[in-house]
Amino acid sequence: LAAPPAVLLVDEPLSALDVRPRLAVRSELRGLLAGLPCVTLYVTHDPSDALALGPRIAVVEGGRITQHGTRDDLLRHPRSPYVAAFVGVNLFSGTVVARDGGMARVQTSRVALEVDDQGYAGAIVVVVNPRDVTLYATPPVASARNTLHGPIVQLAAQPPDGARVRVLVGSE
């Protein structure tokens, strides 16, 4: 970087690092890349890197860019199950089958979901952020509109220290 390039290609610079040093270097890299006057293409297979470092993200699926946009756009509007899995959200494909009192009923292949009625008709996708999911050992006694039942199929501690756990539920 002695002579500022017009384009900088960074190809998975953090892939060989352990988790803790990776977090420190990612933070350092974020500041460095933000201050460069050139376009930076940062290649990664790690969604954490892409979400932390990329103001704009292009997702390559099967050798083709299938979606690009801001981090918020990909998190809120993934266009494929691959993009949803990459950014870590749950994606349900279904059809609007009914409307009532500002809510729409969406029938998926496995469950029916009630969502805010946005006026869409026909086939749609519903995105559910894992932060909006609560797990209960017994059915909740609350006003939850959507309750899915099923056994826990997998528990996976998330880096760096396992404080977060990804839970795969075999829902109906």
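A pocket here is an open set of points on a 1 Å grid over the protein atoms alone, where a 1.4 Å probe fits, with protein on both sides within 12 Å along at least five of seven lines; a lining residue has an atom within 4 Å of a point. This is a predicted model, where local features need pLDDT of at least 70, side-chain atom pairs count only at pLDDT 80 or more, and totals for chains, interfaces and linings use all residues. Residues are numbered from 1 along each chain as its sequence is written, and side-chain values use heavy atoms, without hydrogens and water.

The second largest pocket has 28 lining residues, and Tyr42, Val43, Arg56, Ile57 and Ala58 lie nearest its centre. Among the elements giving two or more residues to that lining are helix H1 (19-34) and helix H2 (47-53); helices are DSSP runs of H or I, at least four residues, and strands are runs of E, at least two, numbered from the N terminus.

Now H1. Its buried residues (under 20% relative accessible area, 1.4 Å probe, protein chains only) are Arg22, Arg26, Leu29 and Leu33. Seen down the axis of H1, they fall within an arc of 70°, taken from the directions from the axis to the C-beta atoms, so they line one face of the helix. They pack against strand E1 (7-11), E2 and H2.

Asp49 is in H2. Is Asp49 buried or exposed? Asp49 is buried, at 2% relative accessible area. Its contacts (heavy atoms within 4.5 Å), not counting residues up to four places away in sequence, include Arg22 and Arg26.

Methods. Buried means under 20% relative accessible area, exposed over 50%, partly exposed in between (1.4 Å probe, protein chains only).
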